[in-house]
Amino acid sequence: MDTYLKRMVYFNPHFPTQESVAILQCGYQESGAGHISTQRIVEDYVLHCITDGKGTYTINGKTYHLKKGDCFLLLPNVPLVYQADVKNPWIYYWIGFKGLSPMSLLSLCGIKHDTPVMHYDAIEKTAQIIEPLTYADPSLLSVNYFAIAQFYLLCSLLIANNNSNHFVSRKEFFVEQVIAYINSSYSVKITVQDIAQHIGLDRTYLYRIFKELKGISIQTYLLRFRLNRACHFLTHTSLSLEEISVCCGYSSVQHFSFLFKKYMGTTPSEYRRVNQK
């Protein structure tokens, strides 16, 4: 079914606000029964706050059944789909953004790459924060600063709501940045040195703390992440093997197929044949 009410505003991320986060868009949507997202991959982070109704959100091979008070985050460059309930379609506000390390902030809210959902009982407060932005004039520099202020206000509410918060160590902070960088850049050729330069740490030190906290090397994490994305593409899309290899950061389909069979125990074509059934 079609969406029957939608209101959104696009902001100008090129305004020289000199902040670590830039607001890209925000909006309000009342979805029609069973309305399914047209987006399958997004380029930036988008946080949705459900103020009424129900729906499902599928990402990383897991489906979340969401309702009023739940928030869910769209992750850049990760295949996803979200759909309104047929009997009780959801209503939500959303805010899209990018930045140097937004996941470090969102993790304090209780939202992480492996669990991109959370619940907030006072969800009406999030609506009160985002709604003014849906009527704002994004051509004004002052409004872009206002959008950033509202975003930080929203995060402050969600952080206060997160009972699991604990002091994030310096090591944990840098490891989360590694994971965020891989999530957003796995489709291009990247090395541990590239990641270290992006974060601003010595490569050897970064390698050591990642292995200490995650139990595997950065290279292994990157490999597993790419293969996981490849499995999703093979199961849920009709992309060719050549297209999938490019999407997952491999320069040739031969190299991709070699690594896939080595670590998954089967060829990409056979994996697709079995799992698309």
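Colleague: Quick one to start: does Cys-109 count as buried or exposed?

Modeller: Cys-109 counts as buried, because its relative accessibility is 1% and the cut-off for buried is under 20%. Keep in mind that this is a predicted model.

Colleague: And how many disulfides turn up in the whole structure?

Modeller: A search of the whole structure gives 0 disulfides. Cys-109 is in no disulfide, and the nearest cysteine sulfur, that of Cys-155, is 4.4 Å away.

Colleague: Is Cys-247 buried or exposed, or partly exposed?

Modeller: Cys-247 is partly exposed, with a relative accessible area of 28%.

Colleague: OK, switching to strands. What's the strand order in the open sheet of 3 strands?

Modeller: The order is β5-β4-β7, and the pairing is antiparallel. The edge strands are β5, residues 62-67, and β7, residues 80-84, and each of these pairs on one side only. From one strand to the next, the twist averages 15°.

Colleague: How many bridges join β4 to β5, and how many join β4 to β7?

Modeller: There are 6 bridges from β4 to β5, and 5 from β4, which covers residues 54-59, to β7. Both pairs run antiparallel.

Colleague: What do β4 and β5 form, and how many residues are between them?

Modeller: They form a hairpin with 2 residues between them. Asn-60 sits in that turn and has a positive phi of about 55°.

Colleague: Where is Asn-77, and what's its phi?

Modeller: Asn-77 lies in the loop between β6, residues 70-74, and β7. Its phi is positive, about 65°, although Asn-77 is not a glycine.

Colleague: Helices now. How do α7 and α10 cross?

Modeller: Their axes come within 8 Å and cross at roughly 55°. That makes α7 oblique to α10. The crossing is right-handed. Helix α7 covers residues 218-236, and α10 covers residues 268-275.

Colleague: Which residues meet there?

Modeller: On the α7 side you have Cys-231, Phe-233, Leu-234 and Thr-235. They meet Pro-268, Tyr-271, Arg-272 and Asn-275 in α10.

Colleague: What about Leu-227: which helix is it in, and is it buried or exposed?

Modeller: Leu-227 is in helix α7, and it counts as buried at 4% relative accessibility.

Colleague: Which residues does Leu-227 touch, leaving out those up to four places away in sequence?

Modeller: Leu-227 touches Tyr-250, Leu-259, Phe-260, Tyr-263 and Met-264.

Colleague: Last one: what's the separation between Leu-227 and Ile-91?

Modeller: Their C-alpha atoms are separated by 35 Å, and the two residues are 136 residues apart along the chain.

Methods
Residues numbered from 1 in each chain as written. Predicted model: local features only at pLDDT ≥ 70, side-chain atom pairs only at ≥ 80, totals over all residues. Heavy atoms only, no water. Disulfide = S-S within 2.5 Å. Buried < 20%, exposed > 50% of the residue type's maximum accessible area, 1.4 Å probe, protein only. Pairing = 2+ DSSP bridges. Helix = DSSP H or I, 4+ residues; strand = E, 2+ residues; numbered from the N terminus. Axes fitted to C-alpha atoms, helices over the stretch in contact; angles between N-to-C directions. Parallel < 35°, antiparallel > 145°, perpendicular 65-115°, else oblique. Left-handed = near helix turned anticlockwise from the far one by under 90°. Contact = heavy atoms within 4.5 Å.
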